[in-house]
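User: I would like to go through a few local features of this model. Please set out the terms before using them.

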Amino acid sequence: MTVRTRFAPSPTGYLHVGGARTALFSWLYARKHGGDFVLRIEDTDLERSSQESVNAILEGMTWLGLEYDEGPFYQTHRFDRYKEVIDQLLKENKAYYCYCSKEELDELREGQRARKEKPRYDGRCRDLETPREGVKPVIRFRNPTEGAVVFEDGVKGTITIQNSELDDLVIARPDGTPTYNLTVVVDDLDMGINHVIRGDDHINNTPRQINIIEALGEKPPIYSHVPMILGDDGARLSKRHGAVSVMQYRDEGFLPEALLNYLVRLSWSHGDQEIFSVDEMASLFDIVDVNRAPSAFNTEKLLWLNQHYLKTSSPEHVARHLSWHFGQLDIDPTEGPDVLEVIKVQSERCNTLVEMAKESAFFYRDYEEFDEKAAKKNLRPVVREPLEKLKEAFAALPEWDRVSLGATVEAVAEALELKMGKVGQPLRVAVAGQGSSPAIDDTLYLVGREAVLRRIDKALEYIAKREAA
């Protein structure tokens, strides 16, 4: 039997990290077993669903590299199929019309709460023979009243729910549109989904769905409910914890494989290993190894992983993602030094792509102003002569290469009987506009001769203004 998993987000917002982890686990399980991964968009909530959210989900999946084998399938395209199944359940007396008003149901629940009972529908329309005039009914599933639902959860083990704890859930609204528990069942059956991996906030739905599946004469899939993700404070991860949208992590400069590596380690482990390539994840992951306890999101750990991938990934791979961040700064990375060379000198120095892009902007365009603190400290009248000597020497260099540039700076320092720091750091501020940059020979080489000479002139002007003041 071919393993078939699915990811079925509701397009009422962005793809958040909890959903991304569920998608990752489902994708990994399918890949490990040579199976299929299906993407389904559960968009039957017409008021809250939007095309913008659909686009955000698809964009997040693409950025993460979680390619799907089938889909995306949209539930709004399948209403005829849902009606067919609902009609079948009605015909077989496994569903019925309920004419209870909202006021009646509210009164029912208030009474139950007053008696300290679990609020639930009491089945008062279950055997109703005469329809109420002028009332558009809902359709309820006729849940078994005896016995229990027993299923083996891939994460939590054996779960038993008594049918007496379940009420007759609504499977169609008064306007005829189907509800979540009905559409999920029909889709999973029609699409041949045999392994459902989802968050444990769905665990209460599972016995209801199993009963509907069995009422249709079908076999339920294997269910695995993964624990929730918590924030650093132990509360459920939410917007107030910071970045929770997958694309927000892209915007903040994380590589997709760093986020994937981090997400796979939330509730899953393989010995003491921390770093996993995507291929290793697919080879080693098994849903039975997922912990039952929730995991806390740790941004510092994610930053550590991101720096690891920035340092160890090929420059070509980093460039593919860094170029987008250059674009956010209105920098065209083709108009300047080779971006691969820039990455080689910056990868050890930066934690995120945002930081790398900002720290590398001076390679591609002249800075507007000096960093005030660095300039005050380093561009003083005493460095006028070293900068003038450097400018003269750089202009006369026959070859603009790292070795010649490094030797030139050393020669000027020796000629003026100055330590390298007294020459190199003012030169760095003059060329980069700030107090930090890669090694001075790398910095000079990548900035280029014309820009270096132009920026030394700017530094000399700055010094002259300080002298005049």
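Analyst: Helices (H or I, at least four residues) and strands (E, at least two) are DSSP runs, numbered from the N terminus. The model is predicted: local features need pLDDT of at least 70, side-chain atom pairs count only at pLDDT 80 or more, and totals for chains, interfaces and linings use all residues. Residues are numbered from 1 along each chain as its sequence is written, and side-chain values use heavy atoms, with hydrogens and water left out.

User: Where is Asp-330 found, and is Asp-330 buried or exposed?

Analyst: Asp-330 lies in the loop between α11 (315–328) and α12 (339–346). Its phi is positive, about 60 degrees, although Asp-330 is not a glycine. Buried means under 20% relative accessible area, exposed over 50%, and partly exposed in between (1.4 Å probe, protein chains only). The relative accessible area of Asp-330 is 71%, so Asp-330 is exposed.

User: What is the relative accessible area of Asn-93?

Analyst: Asn-93 sits in the loop between α3 (79–91) and β4 (95–98). Phi of Asn-93 is positive, near 60 degrees, in a residue other than glycine. Asn-93 counts as partly exposed because its relative accessible area is 48%.

User: Is Phe-297 buried or exposed?

Analyst: Phe-297 is placed in the loop between β12 (295–296) and α10 (299–312). Not counting residues up to four places away in sequence, Phe-297 touches residues including Val-17, Tyr-249 and Leu-302, where contact means heavy atoms within 4.5 Å. Its relative accessibility is 3%, so Phe-297 is buried.

User: Which residue does a cis peptide bond join to Gly-71?

Analyst: The bond has an omega of about 5 degrees.
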